[in-house]
Amino acid sequence: MSIPKTMRAAILAELQQPLIIDEVELPPQLDVGQVLVKIGVSGVCGSQLGEIDGAKGEDKYLPHLLGHEASGIVEEVGPGVRFVKPGDRVVLHWRKSQGIESLPPKYTWRGKPLNAGLIATFNEYAIVSENRVTRIDPSSDMDVAALFGCAVTTGFGVAENNADIRLGESVVVFGAGGVGLNIIQAASLRSAYPIIAVDLHEGRLALAKQVGATHLINASQVDARTALLELTGKQGIDVFIDNTGQPSIIEMGYELTKAQGRVVLVGVPRAGRNISIYSLPLHFEKTISGSHGGEAVPHVDIPRYTRLLDAGLIQLKPLITEHFKLDDINVAIQRMRSGAMSGRCLIRMHD
């Protein structure tokens with residue numbers, strides 16, 4: 001297949017504004033290590049909301065494409081690509097995997113360069129670096145496969161690699177969105193107890209219970225700190241995982257974990273919003289650490305987690321609660337912001 005001349009894409013042209021759906025021109029040929037993928041569906045992760053809002057500060061790359069979690073079919077490969085071939089079904093992910101790290105693609109929008117980085121998935125086609133795609137079984141459910149791009153690999157990686165959850169440990173997951181729900185699933189697989197899900201929305205808490213949470217706290221109805229103390233007592237919490245990036249919640253988690261407890265930060269605070277903690281406990285085995293995508297290694301982890309899915313040991317289909325067309329991606333984003341959407345939404349790129 002030759003590379004399409006144009007495609008439709010969702011473009012972030014200005015911070016804190018709706019994405020622009022428009023035609024984008026693709027380069028005429030692939031560079032070394034690049035892979036052309038026809039996107040089937042793309043997930044929308046909370047980190048994209050942060051990008052749109054400028055949570056990390058000034059965005060030097062505007063205008064640019066977005067998205068880092070998707071499934072699709074390889075259409076063409078550039079020179080040097082060894083791990084995928086045309087016709088392969090693949091997961092697209094932002095964590096590095098095996099293969100070449102290519103140069104970013106050179107898209108054009110309205111006659112000017114359009115940035116995209118090594119992966120972007122809010123578009124009908126994507127030219128991505130080889131090390132951002134992982135081949136999956138030809139019979140794979142493409143909706144479910146998209147979740148392996150971030151929600152599953154990050155969530156399970158947080159439980160395995162960052163928190164190192166052990167049998168019978170108490171775990172608090174603050175924020176039960178797409179990643180949080182998979183942290184809860186992984187904590188359940190590792191026989192943690194209790195597994196306490198905290199969120200502002202009943203729909204998300206219902207899903208949290210379905211995938212393994214033993215206790216639920218709706219922080220819009222009760223004081224979360226008081227409720228956690230009632231559940232965990234004076235002994236404190238073994239593992240506190242924050243997905244919100246809110247400094248006050250991070251500080252609370254640090255306070256409520258036991259002397260040898262672990263605080264894991266998945267959500268990222270907005271630029272300039274710092275946390276304030278008393279550091280002495282860090283000298284006596286308490287830890288606080290940040291997660292970078294659960295430190296996942298996609299070509300190793302995706303096959304492992306797929307085996308769990310095939311064996312019926314994890315649930316992913318119920319986590320997908322809404323589908324949208326590309327034209328309606330701003331509606332999806334607004335529903336995510338409001339909490340009206342309980343699970344993961346998927347954007348279908350082709351009718």
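1. Start with the open sheet: it has six strands, lined up as E13-E12-E11-E14-E15-E16, and their pairing is parallel. At the edges sit strand E13 (215–218) and strand E16 (287–290), each of which pairs on one side only. From one strand to the next, the twist averages 15 degrees. Keep in mind as you look around that this is a predicted model.

2. Helix H7 (residues 247–256) packs on it, and the strands it touches are E11, E14, strand E15 (257–265) and E16. The direction of H7 makes about 150 degrees with that of E15.

3. Next, strand E3 (residues 34–43), which has several partners. Strands of a sheet pair through backbone hydrogen bonds, and the pairing can be parallel or antiparallel. With strand E5 (residues 69–77), E3 pairs in the antiparallel sense over seven bridges, and here valine 41 stands opposite serine 71. With strand E9 (residues 125–129), the pairing is antiparallel over five bridges; valine 37 stands opposite alanine 126 there. With strand E18 (residues 344–348), it is antiparallel again, over three bridges, and serine 42 has isoleucine 347 as its bridge partner in E18.

4. Why is E3 described as largely enclosed by the rest of the structure? Because eight of its 10 residues are buried.

5. On to the cysteines. A disulfide is a covalent bond between the sulfur atoms of two cysteines. How many disulfides does the model have? The count comes to zero, with 2.5 Å as the cut-off between sulfur atoms. For cysteine 45, the closest cysteine sulfur belongs to cysteine 150 and is 3.9 Å away, so it is too far for a bond. For cysteine 345, the closest cysteine sulfur is that of cysteine 45, at 10 Å, and that is too far for a bond as well. Both of these residues are buried: cysteine 45 has a relative accessible area of 8%, and cysteine 345 has one of 1%.

6. Helix H8 (residues 298–310) is worth a stop too. Its 13 residues reach 17 Å from the first C-alpha to the last, close to the 18 Å expected at 1.5 Å a residue. Just a reminder on helix geometry: an α-helix has 3.6 residues a turn, so residues three or four places apart point the same way.

7. Which residues of H8 are buried? They are Pro298, Asp301, Ile302 and Tyr305. Looking down the axis of H8, you'd see these buried residues fall within an arc of 100 degrees, so they line one face of the helix. On the other side of H8, Arg307 and Asp310 are exposed.

8. What covers the buried residues of H8? The cover includes strand E6 (89–93), strand E10 (133–135) and helix H3 (151–162).

Technical notes
Residues are numbered from 1 along each chain as its sequence is written. This is a predicted model: local features need pLDDT of at least 70, side-chain atom pairs count only at pLDDT 80 or more; totals for chains, interfaces and linings use all residues. Side-chain values use heavy atoms; hydrogens and water are left out. Two strands pair if DSSP finds at least two bridges between them. Helices (H or I, at least four residues) and strands (E, at least two) are DSSP runs, numbered from the N terminus. Axes are lines fitted to C-alpha atoms, for helices over the stretch in contact, and angles run from 0 to 180 degrees between N-to-C directions. Contact means heavy atoms within 4.5 Å. Buried means under 20% relative accessible area, exposed over 50%, partly exposed in between (1.4 Å probe, protein chains only). The expected span of a helix is 1.5 Å times one less than its number of residues. The arc is that of the directions from the helix axis to the C-beta atoms.
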